[in-house]
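The structure is shown first.

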Amino acid sequence: MHKVAVILRKEWSEVFKNRLVLGTVAFMPLMLTALPLVLLGVTGTEGGLGDVGTSDMPASFARLCEGLSGSECAQYFFVTEFLLLYMLMPLMIPVTIAAYSIVGEKSTRTLEPLLATPITTVELLAGKGLAAALPAIAATWLSFGVFAVGARLLGVGPGLQAKLVDPMWLTAIFLVGPLLAVASVSFAVMISSRVNEPRVAEQLSGLVVLPLMALFFGQVSGLILLNSSLVLWMALGLLVLDAGLLAFAVQLFQRESILTRWK
Amino acid sequence: MIVTERLSKSFGKLQAVQDLDLRVEAGEVFGFLGPNGAGKTTTVRMLSGLIGPTSGRAWVAGCEVGKQDGDLRRKVGILTESPGLYDRLSAERNLGFFADLYEVSDIAVQVEHYLRLLGLWDRRHEPVGGFSKGMRQKLAIARAMLHEPQVVFLDEPTSALDPEAARLVREFIGELKQEGRAIFLCTHNLDEADRLCDRVAVFRTRLLALDTPAALRRQLFGRSVVFHLREIAPAYLACLQALPAVRAVEAVDRRLVVSLEDPERDNPRLIRALVEAGAEIQFVGELKRTLEDVYLRLLEQSDTGKPS
(Lines give C-alpha, C1' and ligand atoms only; values in the text may rest on other atoms or scores of the structure.)
Protein backbone atom coordinates (compact mmCIF):
# COMPACT_ATOMS: atom_id res chain seq x y z
CA MET A 1 0.00 0.00 0.00
CA HIS A 2 2.96 2.28 0.71
CA LYS A 3 4.19 2.05 -2.87
CA VAL A 4 0.72 2.84 -4.18
CA ALA A 5 0.82 6.04 -2.11
CA VAL A 6 4.34 6.81 -3.39
CA ILE A 7 3.18 6.51 -7.00
CA LEU A 8 0.07 8.55 -6.23
CA ARG A 9 2.06 11.42 -4.74
CA LYS A 10 4.54 11.42 -7.61
CA GLU A 11 1.76 11.41 -10.20
CA TRP A 12 0.00 14.35 -8.66
CA SER A 13 3.17 16.35 -8.20
CA GLU A 14 4.09 15.73 -11.83
CA VAL A 15 0.85 15.50 -13.77
CA PHE A 16 -0.63 18.64 -12.27
CA LYS A 17 2.40 20.61 -13.42
CA ASN A 18 1.20 19.85 -16.94
CA ARG A 19 -0.96 22.84 -17.87
CA LEU A 20 -2.98 20.89 -20.42
CA VAL A 21 -3.96 18.29 -17.86
CA LEU A 22 -4.59 20.89 -15.19
CA GLY A 23 -6.74 22.89 -17.59
CA THR A 24 -8.86 19.89 -18.48
CA VAL A 25 -9.30 18.88 -14.87
CA ALA A 26 -10.31 22.40 -13.83
CA PHE A 27 -12.36 23.48 -16.84
CA MET A 28 -14.86 20.65 -17.00
CA PRO A 29 -16.10 20.86 -13.39
CA LEU A 30 -16.34 24.64 -13.61
CA MET A 31 -18.36 24.49 -16.82
CA LEU A 32 -20.63 21.67 -15.76
CA THR A 33 -21.36 23.34 -12.44
CA ALA A 34 -21.92 26.78 -13.85
CA LEU A 35 -24.25 25.75 -16.68
CA PRO A 36 -27.08 24.18 -14.60
CA LEU A 37 -26.81 27.03 -12.09
CA VAL A 38 -27.12 29.55 -14.90
CA LEU A 39 -30.10 27.56 -16.19
CA LEU A 40 -31.74 27.65 -12.79
CA GLY A 41 -30.94 31.35 -12.49
CA VAL A 42 -32.35 32.17 -15.90
CA THR A 43 -35.52 30.13 -15.49
CA GLY A 44 -35.94 31.78 -12.13
CA THR A 45 -37.63 30.61 -8.99
CA GLU A 46 -41.10 29.08 -8.84
CA GLY A 47 -43.17 30.37 -11.70
CA GLY A 48 -40.21 31.65 -13.60
CA LEU A 49 -41.00 29.48 -16.58
CA GLY A 50 -44.43 31.05 -16.88
CA ASP A 51 -47.49 28.95 -17.14
CA VAL A 52 -45.92 25.52 -17.55
CA GLY A 53 -47.86 22.68 -15.97
CA THR A 54 -46.78 19.11 -15.24
CA SER A 55 -49.20 18.05 -17.97
CA ASP A 56 -46.89 19.85 -20.44
CA MET A 57 -44.04 17.54 -19.51
CA PRO A 58 -43.49 14.06 -21.01
CA ALA A 59 -45.89 11.73 -19.16
CA SER A 60 -43.15 9.39 -18.02
CA PHE A 61 -41.17 12.29 -16.56
CA ALA A 62 -44.22 13.96 -15.02
CA ARG A 63 -44.58 10.92 -12.78
CA LEU A 64 -41.24 11.89 -11.17
CA CYS A 65 -42.54 15.38 -10.40
CA GLU A 66 -44.81 14.47 -7.54
CA GLY A 67 -45.10 17.46 -5.22
CA LEU A 68 -43.58 19.89 -7.72
CA SER A 69 -45.28 22.71 -9.53
CA GLY A 70 -45.30 22.75 -13.31
CA SER A 71 -42.37 25.14 -13.62
CA GLU A 72 -40.40 23.28 -10.95
CA CYS A 73 -40.99 20.07 -12.88
CA ALA A 74 -39.68 21.77 -16.02
CA GLN A 75 -36.61 22.99 -14.14
CA TYR A 76 -36.11 19.53 -12.72
CA PHE A 77 -36.35 18.11 -16.25
CA PHE A 78 -33.65 20.50 -17.51
CA VAL A 79 -31.20 19.99 -14.67
CA THR A 80 -31.68 16.22 -14.84
CA GLU A 81 -30.09 16.41 -18.28
CA PHE A 82 -27.08 17.90 -16.52
CA LEU A 83 -26.94 14.97 -14.16
CA LEU A 84 -25.81 12.88 -17.11
CA LEU A 85 -23.36 15.55 -18.13
CA TYR A 86 -22.00 15.49 -14.58
CA MET A 87 -21.13 11.89 -15.30
CA LEU A 88 -18.77 13.16 -17.99
CA MET A 89 -16.41 14.32 -15.25
CA PRO A 90 -15.52 10.91 -13.82
CA LEU A 91 -15.16 9.68 -17.40
CA MET A 92 -13.12 12.42 -19.03
CA ILE A 93 -10.81 13.61 -16.24
CA PRO A 94 -9.25 10.18 -15.54
CA VAL A 95 -8.74 9.61 -19.26
CA THR A 96 -6.69 12.79 -19.53
CA ILE A 97 -4.60 12.09 -16.44
CA ALA A 98 -4.09 8.37 -17.14
CA ALA A 99 -3.11 8.97 -20.76
CA TYR A 100 -0.37 11.38 -19.73
CA SER A 101 0.68 9.37 -16.72
CA ILE A 102 1.09 6.00 -18.48
CA VAL A 103 2.00 6.84 -22.08
CA GLY A 104 3.99 9.79 -20.75
CA GLU A 105 6.21 7.34 -18.84
CA LYS A 106 6.97 5.61 -22.10
CA SER A 107 7.56 8.70 -24.19
CA THR A 108 9.90 10.20 -21.58
CA ARG A 109 11.59 6.79 -21.16
CA THR A 110 10.96 6.74 -17.43
CA LEU A 111 9.05 3.46 -17.52
CA GLU A 112 12.09 1.18 -17.61
CA PRO A 113 13.76 2.60 -14.49
CA LEU A 114 10.35 2.55 -12.81
CA LEU A 115 9.73 -1.10 -13.69
CA ALA A 116 13.26 -1.92 -12.52
CA THR A 117 12.23 -1.06 -8.95
CA PRO A 118 10.64 -3.73 -6.74
CA ILE A 119 7.14 -2.43 -7.47
CA THR A 120 4.52 -4.93 -8.64
CA THR A 121 2.33 -4.33 -11.67
CA VAL A 122 -0.76 -4.17 -9.46
CA GLU A 123 0.84 -1.56 -7.18
CA LEU A 124 1.95 0.51 -10.16
CA LEU A 125 -1.44 0.43 -11.85
CA ALA A 126 -3.28 0.99 -8.57
CA GLY A 127 -1.15 4.08 -7.90
CA LYS A 128 -1.61 5.45 -11.38
CA GLY A 129 -5.29 4.51 -11.48
CA LEU A 130 -6.06 6.16 -8.16
CA ALA A 131 -4.04 9.22 -9.18
CA ALA A 132 -6.32 9.52 -12.21
CA ALA A 133 -9.61 8.52 -10.59
CA LEU A 134 -9.49 10.39 -7.28
CA PRO A 135 -9.29 13.93 -8.71
CA ALA A 136 -12.18 13.08 -11.01
CA ILE A 137 -14.32 11.72 -8.19
CA ALA A 138 -13.40 14.66 -5.96
CA ALA A 139 -14.20 17.12 -8.75
CA THR A 140 -17.57 15.43 -9.38
CA TRP A 141 -18.53 15.47 -5.73
CA LEU A 142 -17.32 19.00 -5.21
CA SER A 143 -19.15 20.24 -8.28
CA PHE A 144 -22.31 18.56 -7.12
CA GLY A 145 -21.91 20.15 -3.69
CA VAL A 146 -21.44 23.58 -5.24
CA PHE A 147 -24.43 22.99 -7.49
CA ALA A 148 -26.67 21.91 -4.57
CA VAL A 149 -25.62 24.90 -2.45
CA GLY A 150 -25.87 27.22 -5.47
CA ALA A 151 -29.39 26.02 -6.21
CA ARG A 152 -30.39 26.82 -2.64
CA LEU A 153 -28.77 30.27 -2.83
CA LEU A 154 -30.62 30.94 -6.08
CA GLY A 155 -33.86 30.46 -4.19
CA VAL A 156 -35.01 27.26 -5.81
CA GLY A 157 -38.19 26.00 -4.14
CA PRO A 158 -37.90 23.41 -1.34
CA GLY A 159 -39.63 20.74 -3.41
CA LEU A 160 -37.07 21.00 -6.20
CA GLN A 161 -34.20 21.27 -3.69
CA ALA A 162 -35.28 17.97 -2.19
CA LYS A 163 -35.44 16.40 -5.65
CA LEU A 164 -31.86 17.45 -6.37
CA VAL A 165 -30.57 15.37 -3.46
CA ASP A 166 -32.98 12.47 -3.89
CA PRO A 167 -31.71 8.83 -4.04
CA MET A 168 -31.37 8.97 -7.84
CA TRP A 169 -29.00 11.94 -7.75
CA LEU A 170 -27.10 10.67 -4.73
CA THR A 171 -26.68 7.21 -6.27
CA ALA A 172 -25.57 8.75 -9.55
CA ILE A 173 -23.04 11.10 -7.98
CA PHE A 174 -21.67 9.00 -5.15
CA LEU A 175 -21.87 5.48 -6.63
CA VAL A 176 -22.10 5.63 -10.43
CA GLY A 177 -19.53 8.44 -10.59
CA PRO A 178 -16.70 6.48 -8.92
CA LEU A 179 -17.64 3.36 -10.91
CA LEU A 180 -17.44 5.35 -14.13
CA ALA A 181 -14.05 6.67 -13.06
CA VAL A 182 -12.78 3.11 -12.54
CA ALA A 183 -14.11 2.09 -15.97
CA SER A 184 -12.49 5.13 -17.52
CA VAL A 185 -9.10 4.46 -15.90
CA SER A 186 -9.18 0.80 -16.93
CA PHE A 187 -10.04 1.76 -20.49
CA ALA A 188 -7.27 4.37 -20.55
CA VAL A 189 -4.75 1.81 -19.24
CA MET A 190 -5.80 -0.61 -21.97
CA ILE A 191 -5.43 2.03 -24.67
CA SER A 192 -2.21 3.36 -23.17
CA SER A 193 -0.72 -0.13 -23.27
CA ARG A 194 -1.03 -0.07 -27.03
CA VAL A 195 -0.15 3.47 -28.15
CA ASN A 196 2.90 5.70 -27.76
CA GLU A 197 1.49 9.23 -27.86
CA PRO A 198 -0.33 10.70 -24.86
CA ARG A 199 -2.67 12.69 -27.11
CA VAL A 200 -3.55 9.62 -29.18
CA ALA A 201 -4.21 7.71 -25.97
CA GLU A 202 -6.36 10.54 -24.70
CA GLN A 203 -8.35 10.75 -27.91
CA LEU A 204 -8.90 7.01 -28.19
CA SER A 205 -9.72 6.72 -24.51
CA GLY A 206 -12.22 9.53 -25.02
CA LEU A 207 -14.40 6.99 -26.82
CA VAL A 208 -15.40 5.83 -23.37
CA VAL A 209 -17.93 8.71 -23.25
CA LEU A 210 -19.94 7.34 -26.18
CA PRO A 211 -22.31 5.14 -24.13
CA LEU A 212 -22.96 8.07 -21.79
CA MET A 213 -23.65 10.41 -24.69
CA ALA A 214 -26.06 7.83 -26.12
CA LEU A 215 -27.84 7.81 -22.77
CA PHE A 216 -27.91 11.61 -22.73
CA PHE A 217 -29.44 11.91 -26.18
CA GLY A 218 -31.82 9.05 -25.37
CA GLN A 219 -33.04 10.99 -22.36
CA VAL A 220 -33.27 14.29 -24.25
CA SER A 221 -35.27 12.66 -27.03
CA GLY A 222 -37.54 10.94 -24.54
CA LEU A 223 -36.47 7.41 -25.48
CA ILE A 224 -34.94 6.77 -22.08
CA LEU A 225 -36.09 8.05 -18.74
CA LEU A 226 -33.44 8.47 -16.09
CA ASN A 227 -34.89 7.34 -12.77
CA SER A 228 -33.70 5.71 -9.55
CA SER A 229 -34.00 2.15 -10.76
CA LEU A 230 -32.19 2.88 -14.04
CA VAL A 231 -29.35 4.56 -12.13
CA LEU A 232 -29.16 1.59 -9.80
CA TRP A 233 -29.02 -0.81 -12.75
CA MET A 234 -26.28 1.36 -14.24
CA ALA A 235 -24.34 1.00 -11.00
CA LEU A 236 -24.71 -2.77 -10.99
CA GLY A 237 -23.77 -3.04 -14.65
CA LEU A 238 -20.73 -0.84 -14.10
CA LEU A 239 -19.64 -2.91 -11.13
CA VAL A 240 -19.50 -6.01 -13.32
CA LEU A 241 -17.94 -4.09 -16.22
CA ASP A 242 -15.27 -2.57 -13.94
CA ALA A 243 -14.24 -5.97 -12.63
CA GLY A 244 -13.79 -7.25 -16.18
CA LEU A 245 -12.05 -4.12 -17.45
CA LEU A 246 -9.66 -3.98 -14.49
CA ALA A 247 -8.65 -7.62 -14.93
CA PHE A 248 -8.18 -7.10 -18.66
CA ALA A 249 -6.20 -3.88 -18.17
CA VAL A 250 -3.80 -5.58 -15.73
CA GLN A 251 -3.50 -8.50 -18.16
CA LEU A 252 -2.65 -6.15 -21.03
CA PHE A 253 -0.10 -4.20 -19.01
CA GLN A 254 2.68 -6.79 -19.28
CA ARG A 255 6.12 -5.48 -18.34
CA GLU A 256 7.89 -7.49 -20.99
CA SER A 257 5.68 -6.55 -23.90
CA ILE A 258 5.66 -2.92 -22.85
CA LEU A 259 9.44 -2.76 -22.63
CA THR A 260 10.15 -4.70 -25.78
CA ARG A 261 7.30 -3.77 -28.12
CA TRP A 262 6.66 -0.15 -27.26
CA LYS A 263 8.82 1.91 -29.57
CA MET B 1 27.29 -12.35 -8.09
CA ILE B 2 26.07 -13.09 -11.62
CA VAL B 3 25.94 -16.59 -13.05
CA THR B 4 24.23 -17.53 -16.30
CA GLU B 5 23.81 -21.00 -17.78
CA ARG B 6 22.86 -21.23 -21.45
CA LEU B 7 20.73 -18.11 -20.96
CA SER B 8 18.68 -17.45 -24.09
CA LYS B 9 15.98 -15.06 -25.18
CA SER B 10 14.00 -14.93 -28.37
CA PHE B 11 11.22 -12.66 -29.54
CA GLY B 12 9.18 -14.74 -31.91
CA LYS B 13 11.61 -15.90 -34.58
CA LEU B 14 14.27 -13.38 -33.57
CA GLN B 15 17.00 -14.88 -31.41
CA ALA B 16 18.26 -12.01 -29.28
CA VAL B 17 20.49 -13.91 -26.84
CA GLN B 18 21.77 -17.44 -27.36
CA ASP B 19 23.28 -19.80 -24.80
CA LEU B 20 25.05 -17.18 -22.74
CA ASP B 21 27.35 -18.64 -20.09
CA LEU B 22 29.17 -16.24 -17.85
CA ARG B 23 30.13 -15.59 -14.27
CA VAL B 24 30.81 -12.19 -12.72
CA GLU B 25 32.34 -12.02 -9.26
CA ALA B 26 31.87 -9.50 -6.45
CA GLY B 27 34.28 -6.59 -6.77
CA GLU B 28 34.68 -7.13 -10.50
CA VAL B 29 34.09 -4.63 -13.29
CA PHE B 30 32.82 -6.71 -16.19
CA GLY B 31 32.63 -5.16 -19.64
CA PHE B 32 29.88 -6.37 -21.94
CA LEU B 33 30.78 -5.25 -25.43
CA GLY B 34 28.98 -5.66 -28.70
CA PRO B 35 27.53 -3.75 -31.63
CA ASN B 36 24.08 -2.16 -31.59
CA GLY B 37 21.39 -4.82 -31.75
CA ALA B 38 23.74 -7.49 -30.38
CA GLY B 39 21.38 -8.31 -27.48
CA LYS B 40 23.20 -6.42 -24.73
CA THR B 41 20.13 -4.53 -23.55
CA THR B 42 18.06 -7.71 -23.64
CA THR B 43 20.70 -9.45 -21.52
CA VAL B 44 20.75 -6.60 -19.00
CA ARG B 45 16.96 -6.57 -18.88
CA MET B 46 16.92 -10.28 -18.15
CA LEU B 47 19.61 -10.01 -15.49
CA SER B 48 17.86 -7.09 -13.79
CA GLY B 49 14.53 -8.91 -13.58
CA LEU B 50 12.71 -6.83 -16.18
CA ILE B 51 12.06 -9.60 -18.68
CA GLY B 52 12.22 -13.37 -18.40
CA PRO B 53 14.51 -15.71 -20.32
CA THR B 54 13.13 -18.04 -22.99
CA SER B 55 15.46 -20.81 -21.83
CA GLY B 56 18.49 -21.30 -19.64
CA ARG B 57 18.92 -20.02 -16.11
CA ALA B 58 20.62 -17.15 -14.34
CA TRP B 59 21.25 -16.05 -10.79
CA VAL B 60 21.98 -12.48 -9.76
CA ALA B 61 22.91 -11.65 -6.16
CA GLY B 62 21.56 -15.04 -5.14
CA CYS B 63 18.16 -14.60 -6.81
CA GLU B 64 17.09 -16.70 -9.74
CA VAL B 65 16.09 -14.66 -12.77
CA GLY B 66 12.45 -15.14 -13.72
CA LYS B 67 11.57 -16.72 -10.38
CA GLN B 68 12.61 -14.21 -7.73
CA ASP B 69 12.44 -11.01 -9.74
CA GLY B 70 10.99 -8.89 -6.92
CA ASP B 71 13.90 -9.72 -4.59
CA LEU B 72 16.33 -9.46 -7.48
CA ARG B 73 15.23 -5.91 -8.30
CA ARG B 74 15.90 -4.90 -4.69
CA LYS B 75 19.50 -6.05 -5.04
CA VAL B 76 20.45 -4.59 -8.40
CA GLY B 77 20.81 -1.05 -9.63
CA ILE B 78 20.41 -0.17 -13.27
CA LEU B 79 21.43 2.78 -15.38
CA THR B 80 19.34 2.45 -18.50
CA GLU B 81 20.36 3.54 -21.99
CA SER B 82 18.36 6.74 -21.57
CA PRO B 83 18.45 8.48 -18.14
CA GLY B 84 14.62 8.39 -17.90
CA LEU B 85 13.98 11.15 -15.39
CA TYR B 86 10.84 13.10 -14.54
CA ASP B 87 11.51 16.48 -16.12
CA ARG B 88 8.94 18.42 -14.12
CA LEU B 89 10.29 17.17 -10.80
CA SER B 90 13.41 18.44 -9.05
CA ALA B 91 16.57 16.35 -8.82
CA GLU B 92 15.88 15.77 -5.14
CA ARG B 93 12.26 14.76 -5.78
CA ASN B 94 13.31 12.39 -8.57
CA LEU B 95 15.73 10.58 -6.28
CA GLY B 96 13.34 10.69 -3.32
CA PHE B 97 10.65 9.00 -5.38
CA PHE B 98 12.90 6.13 -6.44
CA ALA B 99 14.43 5.79 -2.96
CA ASP B 100 10.90 5.35 -1.61
CA LEU B 101 10.14 2.63 -4.17
CA TYR B 102 13.41 0.88 -3.34
CA GLU B 103 12.39 0.97 0.35
CA VAL B 104 15.48 2.95 1.37
CA SER B 105 15.34 3.45 5.14
CA ASP B 106 16.84 6.94 5.41
CA ILE B 107 15.82 8.58 2.17
CA ALA B 108 16.99 12.12 2.91
CA VAL B 109 20.47 10.95 3.93
CA GLN B 110 20.92 8.71 0.87
CA VAL B 111 19.63 11.32 -1.54
CA GLU B 112 21.96 13.96 -0.10
CA HIS B 113 24.91 11.55 -0.12
CA TYR B 114 24.62 10.74 -3.82
CA LEU B 115 23.67 14.26 -4.91
CA ARG B 116 26.81 15.56 -3.19
CA LEU B 117 28.97 12.71 -4.46
CA LEU B 118 28.00 13.43 -8.06
CA GLY B 119 28.16 17.20 -7.71
CA LEU B 120 24.45 17.93 -8.01
CA TRP B 121 23.62 19.05 -4.48
CA ASP B 122 23.54 22.76 -5.32
CA ARG B 123 21.02 22.13 -8.11
CA ARG B 124 18.81 19.79 -6.10
CA HIS B 125 15.71 22.00 -6.12
CA GLU B 126 15.73 22.64 -9.87
CA PRO B 127 13.44 20.76 -12.26
CA VAL B 128 15.42 18.11 -14.09
CA GLY B 129 14.03 19.34 -17.42
CA GLY B 130 16.55 22.18 -17.30
CA PHE B 131 19.55 19.93 -16.68
CA SER B 132 22.30 19.29 -19.21
CA LYS B 133 22.76 15.78 -20.64
CA GLY B 134 25.71 15.20 -18.34
CA MET B 135 23.81 16.28 -15.23
CA ARG B 136 20.92 14.03 -16.18
CA GLN B 137 23.29 11.12 -16.65
CA LYS B 138 24.89 11.72 -13.27
CA LEU B 139 21.47 11.92 -11.64
CA ALA B 140 20.49 8.63 -13.27
CA ILE B 141 23.67 7.05 -11.92
CA ALA B 142 22.80 8.36 -8.45
CA ARG B 143 19.34 6.82 -8.82
CA ALA B 144 20.86 3.44 -9.65
CA MET B 145 22.88 3.54 -6.42
CA LEU B 146 20.32 4.84 -3.91
CA HIS B 147 19.48 1.43 -2.45
CA GLU B 148 23.13 0.35 -2.29
CA PRO B 149 22.76 -2.54 -4.75
CA GLN B 150 25.19 -5.47 -4.77
CA VAL B 151 25.13 -5.61 -8.55
CA VAL B 152 25.08 -2.53 -10.78
CA PHE B 153 24.25 -2.55 -14.48
CA LEU B 154 25.58 0.52 -16.25
CA ASP B 155 24.63 1.11 -19.88
CA GLU B 156 26.96 3.70 -21.45
CA PRO B 157 27.55 5.56 -18.16
CA THR B 158 29.86 8.21 -19.63
CA SER B 159 28.27 8.64 -23.05
CA ALA B 160 26.88 12.14 -22.50
CA LEU B 161 29.55 13.40 -20.17
CA ASP B 162 32.30 15.95 -20.66
CA PRO B 163 35.85 14.69 -19.92
CA GLU B 164 35.83 15.98 -16.36
CA ALA B 165 32.47 14.40 -15.52
CA ALA B 166 33.45 11.19 -17.32
CA ARG B 167 36.53 10.98 -15.15
CA LEU B 168 34.38 11.51 -12.05
CA VAL B 169 32.13 8.65 -13.10
CA ARG B 170 35.08 6.37 -13.86
CA GLU B 171 36.49 7.08 -10.41
CA PHE B 172 33.06 6.43 -8.97
CA ILE B 173 32.95 3.03 -10.71
CA GLY B 174 36.38 2.30 -9.21
CA GLU B 175 34.99 3.07 -5.76
CA LEU B 176 32.04 0.75 -6.34
CA LYS B 177 34.49 -2.00 -7.23
CA GLN B 178 36.47 -1.33 -4.04
CA GLU B 179 33.24 -1.68 -2.08
CA GLY B 180 32.88 -5.20 -3.44
CA ARG B 181 30.00 -4.59 -5.82
CA ALA B 182 29.82 -6.33 -9.15
CA ILE B 183 29.68 -3.83 -12.03
CA PHE B 184 28.24 -4.96 -15.35
CA LEU B 185 29.29 -2.31 -17.82
CA CYS B 186 27.85 -2.03 -21.33
CA THR B 187 29.80 0.43 -23.39
CA HIS B 188 30.92 1.29 -26.90
CA ASN B 189 33.82 3.24 -25.44
CA LEU B 190 36.46 0.52 -25.78
CA ASP B 191 39.24 2.65 -24.37
CA GLU B 192 37.16 3.14 -21.25
CA ALA B 193 36.40 -0.60 -21.09
CA ASP B 194 40.11 -1.34 -21.39
CA ARG B 195 40.90 0.97 -18.52
CA LEU B 196 38.02 0.02 -16.22
CA CYS B 197 37.22 -3.63 -16.78
CA ASP B 198 38.82 -6.61 -15.12
CA ARG B 199 37.33 -8.83 -17.81
CA VAL B 200 35.34 -8.18 -20.94
CA ALA B 201 32.93 -10.23 -23.00
CA VAL B 202 32.49 -9.53 -26.69
CA PHE B 203 28.97 -10.48 -27.57
CA ARG B 204 26.79 -10.65 -30.66
CA THR B 205 23.71 -12.73 -29.89
CA ARG B 206 26.17 -15.29 -28.54
CA LEU B 207 29.40 -14.93 -26.64
CA LEU B 208 32.34 -14.41 -29.01
CA ALA B 209 35.07 -14.14 -26.39
CA LEU B 210 35.49 -13.59 -22.67
CA ASP B 211 38.72 -12.82 -20.82
CA THR B 212 40.84 -9.98 -19.51
CA PRO B 213 41.60 -7.33 -22.16
CA ALA B 214 45.32 -8.23 -21.99
CA ALA B 215 44.65 -11.95 -22.45
CA LEU B 216 42.36 -11.29 -25.41
CA ARG B 217 45.04 -9.14 -27.03
CA ARG B 218 47.57 -11.91 -26.52
CA GLN B 219 45.25 -14.62 -27.82
CA LEU B 220 44.33 -12.76 -30.95
CA PHE B 221 47.49 -10.91 -31.86
CA GLY B 222 50.35 -12.28 -29.77
CA ARG B 223 52.89 -9.50 -29.21
CA SER B 224 54.20 -7.37 -32.03
CA VAL B 225 57.43 -5.41 -32.38
CA VAL B 226 57.90 -2.58 -34.87
CA PHE B 227 61.29 -1.93 -36.50
CA HIS B 228 61.61 1.49 -38.11
CA LEU B 229 64.26 1.19 -40.85
CA ARG B 230 65.98 3.75 -43.06
CA GLU B 231 64.80 1.71 -46.04
CA ILE B 232 63.07 -1.61 -46.66
CA ALA B 233 64.54 -4.47 -48.73
CA PRO B 234 63.08 -7.94 -49.41
CA ALA B 235 66.17 -9.46 -47.82
CA TYR B 236 65.25 -7.97 -44.44
CA LEU B 237 61.88 -9.67 -44.47
CA ALA B 238 63.46 -12.93 -45.58
CA CYS B 239 66.06 -12.91 -42.81
CA LEU B 240 63.38 -12.40 -40.17
CA GLN B 241 61.05 -15.00 -41.62
CA ALA B 242 63.86 -17.52 -41.33
CA LEU B 243 63.98 -17.11 -37.54
CA PRO B 244 61.93 -19.72 -35.62
CA ALA B 245 60.72 -17.19 -33.00
CA VAL B 246 59.00 -15.08 -35.64
CA ARG B 247 55.30 -15.89 -36.18
CA ALA B 248 54.65 -13.30 -38.91
CA VAL B 249 56.30 -10.32 -40.57
CA GLU B 250 54.57 -7.49 -42.36
CA ALA B 251 56.15 -4.51 -44.12
CA VAL B 252 54.30 -1.23 -43.72
CA ASP B 253 56.03 1.78 -45.35
CA ARG B 254 59.52 1.73 -43.86
CA ARG B 255 58.48 -0.35 -40.90
CA LEU B 256 58.53 -4.06 -40.23
CA VAL B 257 55.81 -5.33 -37.93
CA VAL B 258 56.90 -8.64 -36.42
CA SER B 259 54.70 -10.96 -34.32
CA LEU B 260 56.64 -12.70 -31.57
CA GLU B 261 55.97 -14.97 -28.60
CA ASP B 262 58.42 -13.24 -26.28
CA PRO B 263 59.94 -9.93 -27.46
CA GLU B 264 62.18 -9.56 -24.41
CA ARG B 265 63.86 -12.88 -25.28
CA ASP B 266 63.81 -12.66 -29.09
CA ASN B 267 64.43 -8.98 -29.89
CA PRO B 268 68.27 -9.12 -29.63
CA ARG B 269 68.38 -12.00 -32.16
CA LEU B 270 66.08 -10.12 -34.55
CA ILE B 271 68.15 -6.94 -34.30
CA ARG B 272 71.36 -8.89 -34.93
CA ALA B 273 69.84 -10.63 -37.98
CA LEU B 274 68.63 -7.35 -39.44
CA VAL B 275 71.97 -5.60 -38.91
CA GLU B 276 73.82 -8.53 -40.45
CA ALA B 277 71.48 -8.32 -43.47
CA GLY B 278 72.47 -4.65 -43.86
CA ALA B 279 69.41 -2.94 -42.39
CA GLU B 280 69.80 0.43 -40.68
CA ILE B 281 67.52 0.40 -37.64
CA GLN B 282 66.25 3.80 -36.51
CA PHE B 283 63.82 2.80 -33.72
CA VAL B 284 62.45 -0.37 -32.14
CA GLY B 285 59.20 -0.42 -30.19
CA GLU B 286 56.32 -2.66 -29.19
CA LEU B 287 53.11 -2.29 -31.16
CA LYS B 288 50.31 -1.81 -28.61
CA ARG B 289 47.12 -3.51 -29.74
CA THR B 290 44.01 -1.87 -28.39
CA LEU B 291 40.79 -3.43 -27.19
CA GLU B 292 39.27 -1.91 -30.31
CA ASP B 293 41.61 -4.09 -32.40
CA VAL B 294 40.47 -7.12 -30.41
CA TYR B 295 36.81 -6.18 -30.73
CA LEU B 296 36.96 -5.57 -34.46
CA ARG B 297 38.95 -8.77 -35.07
CA LEU B 298 36.39 -10.80 -33.11
CA LEU B 299 33.47 -9.32 -35.03
CA GLU B 300 35.31 -9.90 -38.30
CA GLN B 301 35.92 -13.52 -37.34
CA SER B 302 32.28 -13.85 -36.37
CA ASP B 303 31.23 -12.46 -39.78
CA THR B 304 33.50 -14.82 -41.67
CA GLY B 305 32.64 -17.79 -39.46
CA LYS B 306 36.19 -18.27 -38.21
CA PRO B 307 36.50 -19.56 -34.66
CA SER B 308 37.43 -16.99 -32.02
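## Chain B and conventions

Chain B contains eleven helices and 14 strands, helices (H or I, at least four residues) and strands (E, at least two) being DSSP runs numbered from the N terminus. The model is predicted, so that local features need pLDDT of at least 70 and side-chain atom pairs count only at pLDDT 80 or more, while totals for chains, interfaces and linings use all residues. Residues are numbered from 1 along each chain as its sequence is written, and chains are lettered from A and ligands numbered from 1 in the order in which they are written.

The C-alpha trace of chain B spans about 75 × 45 × 30 Å along its principal axes. Of the 308 residues in chain B, 42% are buried (20 or more other C-beta atoms within 10 Å of the residue's own; exposed means 12 or fewer, partly exposed in between, with C-beta atoms placed from the backbone). Among the contacts in chain B with a separation of 6 or more, 68% join residues 24 or more positions apart; two residues are in contact if their C-beta atoms, placed from the backbone, lie within 7 Å.

## Helices 2 and 7 of chain A

The axes of helix 2 (residues 19-43) and helix 7 (residues 121-153) of chain A come within 10 Å and cross at roughly 20 degrees. Axes are lines fitted to C-alpha atoms, for helices over the stretch in contact, and angles run from 0 to 180 degrees between N-to-C directions. Helix 2 of chain A is therefore roughly parallel to helix 7 of chain A (under 35 degrees; over 145 is roughly antiparallel, 65 to 115 roughly perpendicular and the rest oblique). Their crossing is right-handed, that is, the near helix is turned clockwise from the far one by less than a right angle.

By class, this contact of helix 2 with helix 7 of chain A has twelve nonpolar, three polar and no charged residues. Ala, Val, Leu, Ile, Met, Phe, Trp, Tyr, Cys and Pro count as nonpolar, Asp, Glu, Lys and Arg as charged, and the others, Gly among them, as polar. Helix 2 of chain A also holds G23(A), which is exposed because 11 other C-beta atoms lie within 10 Å. The C-alpha atoms of G23(A) and V4(A) are separated by 25 Å.

## Helices 5 and 9 of chain A

Helix 5 (residues 88-107) and helix 9 of chain A have axes that come within 8 Å and cross at roughly 30 degrees. These two helices of chain A are therefore roughly parallel to each other, and their crossing is right-handed. The contact of helix 5 with helix 9 of chain A has 14 nonpolar, three polar and no charged residues.

## Nonpolar cores

A nonpolar core is a set of buried Ala, Val, Leu, Ile, Met, Phe, Trp, Tyr and Cys residues joined through C-beta atoms within 7 Å. In the largest, of 153 residues, A188(A), F184(B) and L185(B) touch the most other members. Helix 9 (residues 167-192) of chain A gives the most to this core, with 16 residues. A second, separate core of ten residues includes F227(B), L256(B), V258(B) and L260(B).

## Contact between the chains

Chain A contributes 20 residues to the contact and chain B 25 residues. On the side of chain A that touches chain B, helix 1 (2-15), helix 6 (111-115) and helix 13 (255-261) of chain A each supply at least two residues. Helix 1 of chain A gives the most, with five residues. By class, this side of chain A has seven nonpolar, five polar and eight charged residues.
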